[in-house]
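Please look at the sequence and the 3D structure below before reading on.

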Amino acid sequence: MVAAGDPLQVAPVKVTDTSMDRFVFDCSSWRATFGGSAGSVVCLTGSHRQASDADFQSALDRVRWGRAGDATIMRINATWTSAFSGPVTQLRILKNVVLDINEAMLMTIESPSYNFQARDVFETTDPVVMQQAVEDLRSCVDLSLALKPSAFVILTRKMQGVPPGSRGTLIEIVRRTVLTGLEAEEVIVAMCEFGGKVVEVTRARFSAYNSAGDEVAHCEQMPLILGWAMTVHRSQGLTLEAVEIDFELDNWVTCGLVYTALSRVRSFSSLRVRGLRRGLVEVSRCAVAYYEKKLLECGIDPSDDGRPPIEVGTL
């Protein structure tokens, strides 16, 4: 089993340094799987997403470690004047706000909508496991998706060589007849254009797993979301082409949340930000202590992994 992640990014909802629910690296199952003689933790250093913009990477390192001072905050807020050639994705905290933004933008398109419906399929009858599975699935896919031709969409799964996070436009909805064994089956396809490439997007399987790694539920849905707005939690793991964040609109005081949002893009030129304040840049003390310990155990000085000196203006 291999698990990968950044302990300094935003934690699951409601998990804090003092909550009853613990960070994954504080759980007994983590220690049983990767601790002691059972396994090992390897620290990978460096950044690939922001490798082309050293200035941006330096600013992100300060935010990631909770060491961003006045100069870094000013530099990030200066991106509010950035101009983009195509649509930009707003990153917000609350899902209902995101739904309202995307629905309002979709209504401005004067064409009929098509609703893609999905359903959850369970491999268990345990109500506790089923409830957790539903929560896990809804964090990455919705049962209902309304689309219109010309809608701004973002791909959430790799399709025909196009990576997840790619922004594009829905061209049309078409029906295809495919052979499955000896029977013909009608498949609905979303024809989308991503960076000049036309891709036939079909339904993908989204799964939820239990603590043993067994699939306990799944649903099949289009790996697309409307792209005018997205929650920060939904954006984790994606590389977005253009992002707008107004820190005056939401409550951002959650450890790792600001860093996770800012790091979705490759460079300052892909970012439009205003309202960032030093008080919003929070980092988990537990996560920092764990990460520093593991870096040292791997023979890595934390400063070699981007931990900067404390900046003037840092509280």
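What follows is a short briefing, grouped by topic, on what can be read from this model.

The model shown here is predicted. Its chain has eight helices and 14 strands. The radius of gyration of the chain is 21 Å, close to the 20 Å that the globule rule gives for 315 residues, so the chain is as compact as a globular protein of that length.

**The chain as a whole**

- If the C-alpha trace of the chain is followed along its principal axes, it spans about 65 × 50 × 30 Å.
- Of the 315 residues in the chain, 44% are buried.
- When contacts between residues at least 6 apart in sequence are considered, 71% of them join residues that are at least 24 apart.

**Surface and charge**

- The chain exposes about 16,700 Å², and carbon and sulfur atoms supply 53% of that area.
- There are 32 positive and 38 negative side chains in the chain, and the centres of these two sets lie 2 Å apart.

**Aromatic rings**

- The structure holds eight aromatic pairs, and one of them is formed by Phe23 and Phe25, whose rings are stacked at 5.3 Å centre to centre with 5 degrees between the planes.
- A pair of aromatic rings is described by two values, namely the distance of the centres and the angle of the planes.
- The angle of 5 degrees between the planes of Phe23 and Phe25 falls under the 30 degrees below which a pair counts as stacked.
- Phe23 and Phe25 are both buried, and together with Tyr290 they form one aromatic cluster.

**Val258, a buried residue**

- Val258 is found in helix α7, which covers residues 257-262.
- The relative accessibility of Val258 is 2%, so this residue counts as buried, the cut-off for buried being under 20%.
- Leaving aside residues up to four places away in sequence, Val258 touches Val63, Phe247, Trp252, Leu276, Leu280 and Val281.
- Met222 lies 36 residues from Val258 along the chain, and the C-alpha atoms of these two residues are separated by 29 Å.

**Ser85, an exposed residue**

- Ser85 has its place in the loop between α3 (70-77) and β1 (89-92).
- With a relative accessibility of 84%, Ser85 counts as exposed, since exposed means over 50%.
- Although Ser85 and Ala242 are 157 residues apart in sequence, they are 9.4 Å apart in space, C-alpha to C-alpha.

Technical notes
Residues are numbered from 1 along each chain as its sequence is written. This is a predicted model: local features need pLDDT of at least 70, side-chain atom pairs count only at pLDDT 80 or more; totals for chains, interfaces and linings use all residues. Side-chain values use heavy atoms; hydrogens and water are left out. Helices (H or I, at least four residues) and strands (E, at least two) are DSSP runs, numbered from the N terminus. The radius of gyration is taken over C-alpha atoms; the globule rule is 2.2 Å times the number of residues to the power 0.38. Buried means under 20% relative accessible area, exposed over 50%, partly exposed in between (1.4 Å probe, protein chains only). Contact means heavy atoms within 4.5 Å. Accessible areas come from the Shrake-Rupley method with a 1.4 Å probe; for residues, only the protein chains shown count as cover. Lys and Arg count as positive and Asp and Glu as negative; His and the chain ends are not counted. The place of a charge is taken as NZ of Lys, CZ of Arg, CG of Asp or CD of Glu. Rings of Phe, Tyr and Trp (its six-membered ring) pair if their centres lie within 6.5 Å; planes under 30 degrees apart count as stacked, over 60 as edge-to-face and the rest as tilted.
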